[in-house]
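The entries below keep to the order in which I looked things up.

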Amino acid sequence: MRLSPSFYKYYKERGIMHGRKRAITNALEFSLFGLPSFLIWFSVVIIPFIYGFWITFTDWNGLALHINFIGLENYRHILTDSAFLGAFVKTVIYALFTVILSNLVGFILALVVTSGIKGQNLFRTGFFTPNIIGGIILGYIWNFIFSFGLTKFGEFTGISWMQTSWLTNPTRALMALIIVSAWQMSGYLMVIYIAGLTAVPSDLLEAARVDGATTWQTVTKIKIPMIRGTIAICVFLSISRCFMSFDTNLSLTAGGPYKSTELIAYKIYQTAFTSMNFGEGQAQAIVLFVIVAIISLLQVYFTRKGRVDA
Amino acid sequence: MKKRVISLIMTGVMGATLLTGCGNASTSAPAATTDENAPAATQEAPAATEEAPAAEAAATEVNISFYTTETGKDDMYQDLISDFESKNPGITVEYIAAGDDQLQQWMALYASNEGPTVSLMDPINIWENQERMRPLSGEAMLDNITESSLSTMTFNGTVYAVPMSAAGIGILYNKAVCDAAVGGDFDPSSIKTRSDLKDLFDKIEATGVAATCITGVNWSLGAHYLCQSYGEAIGDTKARVDYVNSIISGETKEIDNDVFNGFMDTLDMMAQYNYNKNDPLVGDVNLDAMALAEGKCGTWFMGDWAWTYMAELVEPGAEFGLMPVPHSDDANDVTNQYLPTSFAKGYCIDASQNTEEQQLAGLKFIEYISSDSYSQEVQAKRLGQALPFKNCTATIESPLGNSTAGYIADGRTVDFYGTPSLCPSDIWYECGAYMCEYLTGACDRKTLADKIDAYWANQEKREY
């Protein structure tokens, strides 16, 4: 059936177009806005991912012209490799303390800079600055502080445990890594917490104040429950960042002393590029990918749950 | 309609831009990406030139790349490249310096189909990737290379690289400190045993100066100190390879080996006199170089390359030298008195991603590096190490390099590895960590030996 001109005009004016024309328009719009991004994403994410996944089934060293297919041997090896499992355990310990510390500091800083104190914008900038400095540079700066700055302070004050470098003792080196990572990440988390805290209705806070709530009660009974979604985002964001932590690990401790601070991402790097076991390194990276993917999915789940509950 | 046309045009432009990046890289020479002004004709390797002699290769414009893992020598190589380009019109060399991880960048270059024409790499890396390399056997320039230096670059009878320099590894000494300790002119050849070394250390400490210094870093302890125990003291190259293969197969344990235990006994002894004793792993090569240069310690386990760190710090006229690490108390054991020298890096040519024309230009570049008098002068001055080139008359300014050259001239050197494939490329990292742990006292000798055995057990059998 052919539509009359007036009927066609009616639908055109209301944005309801003919099915075929609509499809063409959609395709053109996708080509203009979606296709370039899709092609870039497909080229730099999907193709390398598929290629990398395929490499996990080979013994490729990263340079060899001939690649041998070895099936699941790389996966079998990493799941029985004490060094890889050790790196995983260390990463879990590192992530646990870093997540708690960075979120705690980030939240407290957010409370402080949203409390209306003088120069709060300056403080916000200052606290966020460590996140702008690259992890490599940050690691070298703190390496100097832990190895030479604090040791000089220890010599000056006579405090014996501060007279040796933090980075030459396995426990203290891991602590140093946690401190630096938390210091770097807390400013970033602070910004997210600020966004959450400023969204808490002011009339609610006003009502609490009128009812005689203390600052502690306001924080624990109103602010924290109201930003559960934000907390979920921050916690899972920091967990995934901890599992992928590499640059600070490289420049601050380089896995030392004697590989005691070798986190999972650094271990992958060493396997692939120092030991030239590219296939095994890729298999380790796939394991890390699965871990981070699970964390991200949990984040999505809890964020949605938080929103619904709130 | 107008919007639709604009959107179509924009889509086309974006698509074309994206697809440009997906072009076939093999149509352009690897180095061509750095020189956009180079004539297009030079970017493709005409098959007809494949049999052209080296002399004719430079008649046309050709771009090559040079990747170096010798860190801290950028000025030197850029100077040499400028000189080479002026003497070889038509050849342009792109300089690529490695960062902290030499293998990562090398792999990245190959992955992007931009494998360097000439690479300065460790022999083990060249050996592992020999299928990519151009065999150099039969090239005239090899006539100018000392025969003894080529063994580390030779795999199955074929030469794959030209050695850079001879690096002496051992105990550096500050002669003024040692003279004061012995009360006269210190003679390093008087140190024939571990006990002799201990006596020297006692005398140095009696003067109020730390006797020695160990830099507690994985590459020094893993690649240099530990690997001495797989060296000449084990035997000839075949004996060394047989030994590590016996550890790989589990027939032999490190803890049962006298050479390993001998070197560890010496390390234990040195650790007692260590300048960094209070915090053994805090060592930093720059700070430790400063300590030796300023006479805060009398000796330092390192190598003659340390002059790079010391040259700016030493007083004019100050004397420094090098002596081997004694691994036993047998004064008749020559391996206690022979200096291990390593041809730790070699120039190789890629044949997998470079055209024949580029490979020939690469040969000219290596020939220039190894035989040109200006090149040798610059290298002798900046590297401060003995050069394994027969026509070399350049004077080495480094007293440490001169010390190594003295051992070479006296015939009192032993080849550190003997064969490029003896020690795996990651031994410095893996076993270096175990050595660091041992140095701090966090593990005992048996634990160290067991960990090293476990490391070797995961390696493939070595070849010679």
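I began with a pair of residues: Val62(B) stands opposite Ile91(B) in S2(B). I note at once that this is a predicted model, in which local features need pLDDT of at least 70 and side-chain atom pairs count only at pLDDT 80 or more, while totals for chains, interfaces and linings use all residues. Residues are numbered from 1 along each chain as its sequence is written, and chains are lettered from A and ligands numbered from 1 in the order in which they are written.

Next I followed the strand pair itself. S1(B) and S2(B) run parallel and are joined by seven bridges; two strands count as paired if DSSP finds at least two bridges between them. Helices (H or I, at least four residues) and strands (E, at least two) are DSSP runs, numbered from the N terminus.

I then checked how covered S1(B) is, and found seven of its seven residues buried, a residue being buried if 20 or more other C-beta atoms, placed from the backbone, lie within 10 Å of its own. Val62(B), Ile64(B), Phe66(B) and Thr68(B) point one way from the strand, and Asn63(B), Ser65(B) and Tyr67(B) the other way.

Which order do the strands of the open sheet take? I read S2-S1-S3-S11-S6 in chain B, five strands with mixed pairing. Strands S2 (91-97) and S6 (162-163) of chain B each have a single partner strand and stand at the edges, so one side of each is left without a neighbour in the sheet. S6(B) pairs with S11 (residues 346-349) of chain B in the antiparallel sense over two bridges, and there Pro163(B) stands opposite Gly346(B).

Helix H13 (residues 356-371) of chain B lies across S1, S2, S3, S6 and S11 of that chain, and I noted that H13 runs at about 55 degrees to S1(B) (axes are lines fitted to C-alpha atoms, for helices over the stretch in contact, and angles run from 0 to 180 degrees between N-to-C directions).

Last, I looked at where the chains meet: 23 residues of chain A are in contact with 28 residues of chain B, contact being C-beta atoms, placed from the backbone, within 7 Å. The largest share of the side of chain A that touches chain B, seven residues, comes from H2(A).

Key:
Two residues are in contact if their C-beta atoms, placed from the backbone, lie within 7 Å. A residue is buried if 20 or more other C-beta atoms lie within 10 Å of its own, exposed if 12 or fewer, and partly exposed in between; C-beta atoms are placed from the backbone.
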